[in-house]
Amino acid sequence: MSTEVDPAAFAKVVADTPDEQLEQGMASENRAIVLEGIFQQMEEHFDAGGAQGIDAIVDWKIFDRPEGGYDHWRIEIADGACRVHHEPDERPARVTFRIKPVDFLKLVTGNASGPQMFITGKLKIEGDLMFAARVQGFFKIPDAA
């Protein structure tokens with residue numbers, strides 16, 4: 001059963017919720033549901049026009065799972081389409097983003113700047129940094145205003 005969540009409303013909730021509460025939510029049984037919803041929305045909000053000619057794998061590692069370790073998600077961009085996988089195969093990614101859960105929520109909802117998070121060490125990037133700077137442009141980011 002899938003429950004549609006309005007991305008702009010979700011972005012506003014993230015903006016209006018204290019970090020401690022976001023952290024508690026991402027440490028609960030709701031974490032998997034939230035991450036699944038966000039990554040499925042990425043498929044739906046993919047801007048094929050902005051990614052013309054791109055053939056790449058983008059990995060996300062969201063840290064601090066309650067049982068330890070991280071959640072690993074993969075976005076495959078090819079032939080003007082975006083496909084998302086949880087716990088991806090071993091093919092190398094062009095870029096890997098490593099981030100804590102609250103920072104991830106803020107980043108994907110437009111409540112934080114990727115470059116600023118990178119500069120302050122909240123977002124770690126492995127791989128092609130020039131390509132990493134373009135990834136956000138492949139998606140329609142919700143407006144939390």
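Author: Asp79 is found in the loop between β2 and β3 (81–86), where strands are DSSP runs of E of at least two residues and helices are runs of H or I of at least four, numbered from the N terminus. The model is a predicted one, in which local features need pLDDT of at least 70, side-chain atom pairs count only at pLDDT 80 or more, and totals for chains, interfaces and linings use all residues. Residues are numbered from 1 along each chain as its sequence is written, and side-chain values use heavy atoms, with hydrogens and water left out.

Phi of Asp79 is near 55°, a positive value in a residue other than glycine. Most residues other than glycine have a negative phi. Asp79 has a relative accessible area of 80% and is therefore exposed (over 50%; buried is under 20%, partly exposed in between, with a 1.4 Å probe and protein chains only).

Asp64, in the loop between β1 (56–63) and β2 (70–78), also has a positive phi, near 65°, but because its relative accessibility is 41%, Asp64 counts as partly exposed. Asp64 is also one of the residues that line the second largest pocket, among them Glu23, Arg31 and Lys100. A pocket here is an open set of points on a 1 Å grid over the protein atoms alone, where a 1.4 Å probe fits, with protein on both sides within 12 Å along at least five of seven lines, and lining residues have an atom within 4 Å of a point. The largest share of that lining, three residues, comes from α4.
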